[in-house]
Amino acid sequence: NTNNPNGPRTSIRSEDDMDIKPEIYGITGRQGFRVICLRTGQMVGATGYPAEFTDALKDVDIEDMHTSGVTIVATTQNSIEDLDELVKSRIGHLGDVSVSDPVDTVAIVGTQLNRAPGLLSEFYSVLEEVGAEVVTVTQANDYSHSVTIRTGDLDGVMRELYQELIL
C-alpha cells in the first residue's frame, strides 16, 4: 500500500510465495477510546449512511470506522464532555445510537492470523481469563486482530497475551 512498487517496504509476491506460516509479531494497545455505534435496518440496500454519519461527526475526530448492512461502529479518542448527547442529537434520526464509556483497544499483529487454527480462540480465551470484557471487534484480517475492551489493567492484559501467544 505504499503506492511505490519498488519501495523498500513494498512486498509483491507470486501465488507460489504465499506459503507464509501464521506468526504473531507483537501485541499492542491504546487507552481512552469511546465507541460510537449506530444500528438500523435502513442501511440494507441504501446508500449514503456512512457519509452522513461522518459528515455529522466531523469535529468528533473519528479514528476508525466499520460498516455492515445494519451497523456502523466508529472509535474516537475525543474527550468532549457530553459526547453521548452530541452524537445522539446529530445522528439519532438515523437509528439506535449508543456511545460507550471509555474503553481500551488491544491487538495482535502478525501474518496469516486468520489462517492459524485456534489462534483467535486462544486470543479470546486469554481476554476472558484476565476479565477483559470485549466491547466490539474493530479490525480482523490476516495482519491484525483488534478489539475494544473494558478493563482496569491494559498493561496486564497485554502482558498476559504476550505470555500466552508469543513466548
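Guide: Buried stands for a relative accessible area under 20%, exposed for one over 50%, and partly exposed for anything in between, with a 1.4 Å probe and protein chains only. This is a predicted model, in which local features need pLDDT of at least 70 and side-chain atom pairs count only at pLDDT 80 or more, while totals for chains, interfaces and linings use all residues. Residues are numbered from 1 along each chain as its sequence is written, and side-chain values use heavy atoms, with hydrogens and water left out.

Visitor: Fine. Glutamine 112, then: buried or exposed?
Guide: Glutamine 112 is buried, because its relative accessible area is 4%. Its place is in the loop between β5 and α3, where helices (H or I, at least four residues) and strands (E, at least two) are DSSP runs numbered from the N terminus.

Visitor: And what is its phi?
Guide: Phi of glutamine 112 is positive, about 55°, although the residue is not a glycine. Most residues other than glycine have a negative phi.

Visitor: Where does aspartate 61 lie, and what is its phi?
Guide: Aspartate 61 lies in the loop between α1 (49–56) and β2, and its phi, near 60°, is again a positive value in a residue other than glycine. Aspartate 61 is partly exposed, because its relative accessible area is 48%.

Visitor: Let's step back. How many helices and strands does the chain have?
Guide: The chain has four helices and seven strands, and read along the sequence they follow the pattern β-α-β-β-α-β-β-α-β-β-α. Along its principal axes the C-alpha trace spans about 50 × 40 × 30 Å, and buried residues make up 36% of the 167 residues.

Visitor: Which residues touch the most other members of the largest nonpolar core?
Guide: A nonpolar core is a set of buried Ala, Val, Leu, Ile, Met, Phe, Trp, Tyr and Cys residues joined through side-chain atoms within 4.5 Å. Of the 18 residues in the largest one, Val106, Ile108, Phe123, Leu127 and Leu161 touch the most other members. The elements that give two or more residues to this core are β1 (23–39), β5 (103–111), α3 (119–129), β7 (144–150) and α4 (154–165), and α4 gives the most, with five residues. A second, separate core has 15 residues, among them Ile36, Leu38, Met43 and Ala74.

Visitor: What does isoleucine 108 touch?
Guide: Contact means heavy atoms within 4.5 Å. Not counting residues up to four places away in sequence, isoleucine 108 touches several residues, including Ile24, Ile27, Leu119, Phe123, Tyr143 and Leu165.

Visitor: And threonine 136?
Guide: Threonine 136 lies in strand β6 and counts as buried, because its relative accessibility is 14%. Leaving aside neighbours within four places in sequence, threonine 136 is in contact with Val35, Val73, Val147 and Thr148.

Visitor: New topic: which residues are closest to the centre of the largest pocket?
Guide: On a 1 Å grid over the protein atoms alone, a pocket is an open set of points where a 1.4 Å probe fits, with protein on both sides within 12 Å along at least five of seven lines, and lining residues have an atom within 4 Å of a point. Of the 15 residues that line the largest pocket, the closest to its centre are Thr105, Ala107, Thr138, Gln139 and Ser146. The elements that give two or more residues to the lining are β1, β2 (62–67), β5, β6 (133–140) and β7.
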